[in-house]
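Let's take a friendly walk through this model together. Please have the viewer open, so that you can turn to each spot as we come to it.

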Amino acid sequence: PRHALPWDLLGASPLAARYCLTLEVRFALADATPWAGAGHEVAFSQHPLPVPVPPGAPRTPPRRRVPSPTRELVPASPELRSAEAAPVRILASGAGGSPVRVQTAQGTLLSFDGATGLLAGVRAASGSEVLSAPLAYNFWRAPTDNDTGGVEFMQRWRWVLPSGIALGVGLLPMLPHWLTQGIDCLLGRCGGPPVGSNISFRTLWNRDGWNRLEHLGQGASVAPTAGEGGVVITGETHMCDRVSHKRRATCHTRTHVTPAGQVWISSRVDVHTTLPSVPRVGLRAAVPRWLDSVSWLGRGPHENYADRKAGARLGVHAMAATDMHTPYMVPSENGLRCDVHWMALRREGSGPGLVFTGLPPLSASVSEYTTEQLEACLHDHDLIPSGDKLHVCLDHQHMGVGGDDSWSRSVYPEYLVTGGTYSWSMGVCVLEDGEDVESVARQAATACAANAVAPGERGWAYHFQSSSLHSTPRAVSAGARSP
């Protein structure tokens, strides 16, 4: 039977419907057994709850501070935390391709790449630089064993194969994708097995240059928002293969800096490919290594991917940045966390930092190593941390990892990232020394939901010709397989 629960009993804020409320059911051993003690968790299940927002609910909760273990903090001025704060100042307009620089009423200094319009630097009011490398669009991942497995896997056994099969194994990876598709079509009509589908993802990606993309910025512009006091920075970036110079993706960026100091990045990416999938669609950045504590609302605490996340609990997790890495014997893509509503990186304790939010939720990772390092090294112990930076990937879409076998492309269709248009929004918020991360992240996430985006079936689309958002439904595969 259904029962109505009082609002206070739910312990939910009026913004819960825009944030997250989940019913969790756990199954644990009542008594000790030879293999586990009493209370050992056998299974759990989580179920999102629809929670209506009561009439008159505020749009965003107030930010609050927690005492610093090192010093007392003076509470921030309320007028500087409100939406009615002083207008954002434009310090440099980016003329001639030079950086765009703006300053918020809170004293945060933001810089943007003059070619791409992407966020390039964040200096907190305290003077701390909390962004070590500019945001950049990201489509590549260090190939996994499953990405590499295919007919190429059989090449090491060519010497024991019949000559005809050995010749085919050697030639297939060199054929263009359209030709292998045609071969599969003919074989299918004759009742034969597909062969093109057994060419590895890594071969297909390398052939089309997804591992060697370069950013070609088309210029950025900045303008104040009418009647609000904020500013908008827009830019366009072409992602091209450095060798063939073919355009693989077109990226449009619109960044809105509000008087309250919130940064909303709306992206629309057109992926130009006929391949079954690209590795990922998202953004990457780097932060100072002293931001060594990571917390997030999403799935965890262990790594999880789109096609293997059912065993990862949705909740608030925290760990050291160095523990986000998964030490596979052969380094490759690792450490992703899915369904991330927000992720915060800060100095251990309650120091300054950054909060990233995503709508829809992101897939995010933090690593001491670059993608290039992971791809180049043959053993985990060969990896050397990359200087004074931590590398952050913030994905809108990330291809599954597969694994039914290691000699074919075994990722199911619903976990592929096909060619087409992808749109999403992401928030960036400075975390000042002593501020409560969950409070700041909750405000950032709910403000983004209220002010920045509207949901679509697979994407969140920004209308780049006006200041409103609209949803763009995109077809999804039916009968999705549970990860």
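What follows starts with confidence, then visits a sheet, a cavity and a few backbone details.

Keep in mind from the start that this is a predicted model. Its mean pLDDT is 79, and 71% of the residues reach 70 or more.

Now let's turn to a sheet. Strands of a sheet pair through backbone hydrogen bonds, in either a parallel or an antiparallel way. Here, four strands form an open sheet in the order β3-β4-β5-β6, and their pairing is antiparallel. The edges are taken by β3 (89–93) and β6 (119–123); each has a single partner strand, so one side of each is left without a neighbour in the sheet. On average, neighbouring strands of this sheet are turned by 15° against each other, direction ignored.

You can follow the pairing residue by residue where β3 meets β4. Strand β4 covers residues 100–103, and four antiparallel bridges link β4 to β3. Arg89 stands opposite Gln103 of β4, while Ile90 has Val102 as its bridge partner. Between the two strands of this hairpin there are six residues, and Gly94 in the hairpin takes a positive phi near 80°.

Rolling a probe the size of a water molecule over the atoms shows where empty space is left. With a cut-off of 30 Å³ or more, the model has two cavities. Let's step into the second largest cavity, which holds about 40 Å³ of space. Which residues line the second largest cavity? They are Thr104, Thr108, Leu110, Val122, Gly261, Val263, Leu354, Val428, Cys429 and Val430. Strand β18 (residues 420–431) gives the most to this lining, with three residues. Sorted by class, the lining has seven nonpolar and three polar residues, and no charged ones.

Finally, a few backbone details are worth a stop. Most residues other than glycine have a negative phi, and most peptide bonds are trans. With that in mind, look at His245, which has a positive phi of about 65° although it is not a glycine. His245 sits in the loop between β9 (231–241) and β10 (247–257).

Two cis peptide bonds can be visited as well. Gly300 and Pro301 are joined by a cis peptide bond with omega of about 5°, and Pro301 is placed in the loop between β13 (293–300) and β14 (313–320). From Leu359 to Pro360 the peptide bond is also cis, with omega near -5°. Pro360 itself is found in a strand, β16 (residues 353–367).

Technical notes. Residues are numbered from 1 along each chain as its sequence is written. This is a predicted model: local features need pLDDT of at least 70, side-chain atom pairs count only at pLDDT 80 or more; totals for chains, interfaces and linings use all residues. Side-chain values use heavy atoms; hydrogens and water are left out. On a 1 Å grid over the protein atoms alone, a cavity is a set of points where a 1.4 Å probe fits but cannot get out, and a pocket is an open set with protein on both sides within 12 Å along at least five of seven lines; lining residues have an atom within 4 Å of a point. Grid points are joined across faces, edges and corners, and a volume is the space filled by probe spheres set on the points. Ala, Val, Leu, Ile, Met, Phe, Trp, Tyr, Cys and Pro count as nonpolar, Asp, Glu, Lys and Arg as charged, and the others, Gly among them, as polar. Two strands pair if DSSP finds at least two bridges between them. Axes are lines fitted to C-alpha atoms, for helices over the stretch in contact, and angles run from 0 to 180 degrees between N-to-C directions. pLDDT is the predictor's confidence in each residue, from 0 to 100.
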